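Please look through the sequence and the fold shown below before reading on.

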Amino acid sequence: MTSKALPTLPILVENAATATFDCVYPTCGGKCCKQGRPPVEPGEIARIEANLAKFLPHLREKARKVVTERGFMTRREKHGLRMMAVSEGWCVFENQGCVLHKVGAKEGDRFKYKPWACATFPLDRLEKTDGWYVRQWKLHGEAWDLFCLNPKESKKPAVSTMQGEIEFAARLDSGKEAWRGGDVPKPAKKRKAAKKRATRK
Ligand code: SF4
């Protein structure tokens with residue numbers, strides 16, 4: 001990474017000065033959606049369900065069968081949220097890219113149907129602070145050996161290549177994406193206040 005001054009960011013990114021990342025899709029084949037199973041918020045499930053007819057024609061044949069016969073969500077849970085279904089080893093919404101992303105982009109907002117967990121990738125929330133960090137091999141126990149999370153894979157600063165994801169994370173922090181549901185990542189102060197309110201009830 002070069003020693004150029006960092007751009008001003010709307011969120012705190014712990015490793016802003018060192019993280020590198022460069023999404024090379026479609027060259028990589030979209031490996032981050034292989035066995036995707038992202039956790040999905042209740043509001044996100046409701047929005048996808050309400051718009052399902054838009055997505056179905058674009059799905060792989062087997063994935064469409066899974067979605068129409070069994071639904072696009074499973075009973076498996078991650079962080080207390082239900083996880084998306086998989087067909088032939090890939091997220092049911094993967095078909096040469098994310099169908100939720102492509103339909104949203106055509107309507108002017110690539111993240112409007114995508115679970116926030118996918119829309120922020122590879123950003124993740126830091127547990128005890130108001131910040132975020134860019135996932136990188138071994139950082140904070142990162143176990144996923146996805147090649148693009150290898151900091152040596154690219155020299156491009158993540159804060160330059162991930163502007164859209166960073167802006168989206170700022171929307172999450174500001175509450176503008178609250179329709180998604182209760183577990184949307186909140187800055188630590190808000191999480192603490194919400195916990196206090198809940199224990200008072
Ligand atoms: S919802 Fe879209 S981005 Fe997320 S895992 Fe599925 S195909 Fe990939």
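The largest nonpolar core has 42 residues, and those that touch the most other members are Leu-59, Val-92, Phe-93, Leu-100, Val-134 and Ala-169. A nonpolar core is here a set of buried Ala, Val, Leu, Ile, Met, Phe, Trp, Tyr and Cys residues joined through C-beta atoms within 7 Å; a residue is buried if 20 or more other C-beta atoms lie within 10 Å of its own, exposed if 12 or fewer, and partly exposed in between, with C-beta atoms placed from the backbone. At least two residues of this core come from each of helix H3 (61-70), S2, helix H4 (99-106), H5, S6, H6 and H7. In soluble globular proteins, nonpolar side chains tend to be buried together. Leu-59 touches Arg-64, Val-67, Val-92, Phe-93, Asn-95 and Val-99, when residues up to four places away in sequence are not counted; two residues are in contact if their C-beta atoms, placed from the backbone, lie within 7 Å.

This is a predicted model, in which local features need pLDDT of at least 70 and side-chain atom pairs count only at pLDDT 80 or more, while totals for chains, interfaces and linings use all residues. Residues are numbered from 1 along each chain as its sequence is written.

The protein has eight helices and six strands, and from the N terminus on its elements run α-α-α-β-β-β-β-α-α-β-β-α-α-α. Helices (H or I, at least four residues) and strands (E, at least two) are DSSP runs, numbered from the N terminus. Of the 201 residues in the protein, buried residues make up 30%. Among contacts between residues at least 6 apart in sequence, 68% join residues at least 24 apart.

Helix H7 can be followed in detail. Its twelve residues (residues 163-174) should span 16 Å at 1.5 Å a residue, and its end C-alpha atoms are 16 Å apart, which agrees; the expected span is 1.5 Å times one less than the number of residues. Which residues of H7 are buried? They are Glu-165, Ile-166, Phe-168, Ala-169, Leu-172 and Asp-173. Seen down the axis of H7, these buried residues fall within an arc of 160°, so they line one face of the helix, the arc being that of the directions from the helix axis to the C-beta atoms. An α-helix has 3.6 residues a turn, so residues three or four places apart point the same way. The cover over the buried residues of H7 includes H5, S5, S6 and H6, whereas the face turned away from the buried side carries the exposed residues Gly-164 and Ser-174. Just after H7, Gly-175 takes a positive phi of about 90°.

The ligand is surrounded by 13 residues, the closest being Cys-33, Gly-36, Cys-91, Cys-98 and Cys-118; a residue is near a molecule if its C-beta atom, placed from the backbone, lies within 6 Å of it. By class, the shell around the ligand has nine nonpolar, two polar and two charged residues, where Ala, Val, Leu, Ile, Met, Phe, Trp, Tyr, Cys and Pro count as nonpolar, Asp, Glu, Lys and Arg as charged, and the others, Gly among them, as polar.

The peptide bond from Tyr-25 to Pro-26 is cis, with omega near 15°, and Pro-26 lies in the segment before helix H1 (42-50). A cis bond, with omega near 5°, also joins Phe-121 to Pro-122, and Pro-122 is found in the loop between helix H5 (116-119) and strand S5 (123-125). His-79, although not a glycine, has a positive phi of about 50°; His-79 is in the loop between strand S1 (73-78) and strand S2 (81-84) and counts as exposed because it has 8 C-beta neighbours inside 10 Å. Lys-138, likewise not a glycine, has a positive phi of about 70° and lies in the loop between strand S6 (132-134) and helix H6 (158-161).

Glu-142 is found in the loop between S6 and H6, and counts as partly exposed with 15 C-beta neighbours inside 10 Å. Finally, Asp-22 is found in the segment before H1, and its C-alpha atom is separated by 8.2 Å from that of Glu-153, 131 residues apart along the chain.
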